[in-house]
Amino acid sequence: MAASKILRQSVTNNIFIPQSNNQPETSERSSNEAYFSFEEHFIAEETFKCGPFLINFFSMLQAILLNTVNLTFLIFLLLFLPPYKRLFVSSWNVGGIPPPDNLNLDDLLDTRNSIADIYVFGFQEIVPLSAGNILVTENSNISMKWNSLIKAALNKRKVTEDRLPEKAEVGEIQRVFPLKTHSSINSSAPDFECIISKQMVGIYITVWVRTELHGYISHPSVSCVGCGVLSRLGNKGSVSIRFCLHETSFCFVCCHLASGGKEGDERQRNADAAHILARTLFPAEARQHLPRKILDHDRVIWLGDLNYRIYLPEATTRYLVKNKEWSILLQNDQLKAELRKGHVFAGWNEKEIEFAPTYKYDQDSDDYYGSNHKIKAKRMRAPAWCDRIIWFGKGLKQTHYNRVESRLSDHRPVRAIFIAYVEVSGPSKEPRSVLSNRFVDSSNYFTSSSND
């Protein structure tokens with residue numbers, strides 16, 4: 001049993017499961033060939049299944065251990081399985097609406113179907129962008145409320161007699177997927193803990209990691225760039241978070257770019273993105289050669305309300321949306337057009353969009369703003385894919401990209417699942433344990449979070 005337990009831990013820390021049936025684009029596949037080989041995908045897809053199949057897999061391991069013929073192959077497999085980690089990334093413009101106490105995040109997290117190693121939540125407009133609010137960079141009450149809801153949603157668990165093995169080892173925890181009830185049993189050791197969070201006016205990003213990975217995370221830091229009023233205030237701009245997992249550096253950029261549906265407004269969005277790339281600078285650390293610019297990191301993901309619209313007349317856009325003509329609409333999507341022209345985000349990638357535009361909806365409704373003639377619209381807003389998740393570099397493979405049906409605001413949240421290759425120096429490396437076991441609010445953790 002001791003050998004079985006060790007093998008369980010080794011396998012659990014190295015599982016990677018790309019569940020999408022969509023084939024990656026040629027450019028993505030070629031740029032990541034060194035990280036994601038055919039054999040690795042085959043092993044991951046055919047052998048290591050998550051969720052309800054995990055217990056069956058562990059039982060299979062125990063059976064194999066009894067077969068001395070296969071023991072050598074099993075040890076080889078576990079020692080040389082590449083270290084992949086599963087990332088969940090979401091972006092949600094909540095329109096200045098505070099989250100209700102009973103807000104259910106289960107549909108957003110989708111933990112019934114899969115559990116990630118790292119969760120990154122990006123929000124825009126967690127406070128209304130009023131003149132008074134844009135002068136106050138942080139509202140701890142709102143950000144802490146979001147973190148409280150996320151913590152509760154990620155750490156739900158329920159133990160039932162019919163799911164328990166006949167004999168459980170002492171100290172072994174039975175993981176069962178969360179339920180939409182309040183009867184979950186709390187444990188003194190949560191499955192996920194926040195490693196760092198940061199707010200700049202309405203922009204908020206918070207990162208949660210499986211507890212057993214905390215000891216391998218180091219150098220968390222933030223950098224804020226304001227692009228709003230006077231090209232400096234934080235009603236528009238970005239909050240970026242950097243940390244290292246083992247020997248691999250990660251950078252997540254949560255942004256809210258310039259709004260506006262008029263012709264030419266996309267140029268201001270391009271300028272905002274360029275300012276963020278140029279002005280984001282992470283703090284230097286003594287005796288550490290860490291990347292300080294966004295694109296210098298190993299794994300980079302950009303999320304947020306990028307605010308790009310569709311190059312079509314409003315009536316045409318609404319007609320095509322009604323008929324779900326996504327391909328025609330995407331051919332006229334501003335972000336994709338600006339990418340093709342080389343005006344912004346050169347070298348970045350986005351998985352194919354197969355969901356309806358995420359903006360703009362009537363409050364607490366599934367109707368796009370202005371489509372209900374009984375409700376008088378102040379200003380017309382054609383539907384658009386304002387909320388996006390894109391990525392840069394090698395060592396990342398995106399497996400999921402979709403939206404979530406929440407009526408909280410006039411935007412629908414988007415989420416993505418990534419498989420990330422992580423460099424590990426060696427199996428004997430001890431955890432660094434640089435993180436405390438509490439929520440790290442970067443406003444207190446860092447002496448300076450802005451470079452402006």
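Helices and strands here are DSSP runs, numbered from the N terminus. Counted that way, the chain of this predicted model has 12 helices and 12 strands. Of its 452 residues, 53% count as buried.

Six strands build it, in the order S5-S6-S7-S8-S10-S9, and the pairing is mixed. Strand S5 (217–226) and S9 sit at the edges with a single partner strand each, so one side of each has no neighbour in the sheet. Strand S10 (residues 387–392) has another story: five of its six residues are buried, so the rest of the structure largely encloses this strand. One partner of S10 is strand S8 (residues 299–305), and the two pair in the antiparallel sense over six bridges. Along that pairing, Ile301 has Trp391 as its bridge partner in S10, while Asp305 stands opposite Asp387. Strand S9 (residues 348–349) also runs antiparallel to S10, joined to it by two bridges. Here Asn349 is the residue standing opposite Trp391, the residue of S10 that is also the bridge partner of Ile301.

Some of these names come back in the nonpolar interior. In soluble globular proteins, nonpolar side chains tend to be buried together. In this chain, the largest nonpolar core has 50 residues, and those with the most contacts inside it are Leu87, Val207, Phe243, Phe252, Ile301, Ile389 and Phe418. Apart from that core lies another, of 26 residues, with Val94, Phe192, Cys194 and Leu408 among them.

The buried residues of H7 are Ile142, Ser143, Trp146, Asn147, Leu149, Ile150, Ala153 and Leu154. Looking down the axis of H7, these residues fall within an arc of 160 degrees, so they line one face of the helix. They pack against strand S1 (84–93), helix H6 (106–109), S2, strand S3 (192–200) and strand S4 (203–210).

Strand S2 (residues 118–124) is also where Gln124 is found. Is Gln124 buried or exposed? Its relative accessible area is 0%, so Gln124 is buried. Setting aside neighbours within four places in sequence, Gln124 is in contact with residues that include Ser91, Trp92 and Asn93, as well as Gly202, Cys254, Cys255 and His256.

Cys244 counts as buried because its relative accessibility is 7%, and Cys251 counts as buried because its value is 0%. How many disulfides are there? With a disulfide taken as a pair of cysteine sulfur atoms within 2.5 Å, the count comes to zero.

Terms used. Residues numbered from 1 in each chain as written. Predicted model: local features only at pLDDT ≥ 70, side-chain atom pairs only at ≥ 80, totals over all residues. Heavy atoms only, no water. Helix = DSSP H or I, 4+ residues; strand = E, 2+ residues; numbered from the N terminus. Buried < 20%, exposed > 50% of the residue type's maximum accessible area, 1.4 Å probe, protein only. Contact = heavy atoms within 4.5 Å. Core = buried A, V, L, I, M, F, W, Y, C linked by side-chain atoms within 4.5 Å. Pairing = 2+ DSSP bridges. Arc of directions from axis to C-beta.
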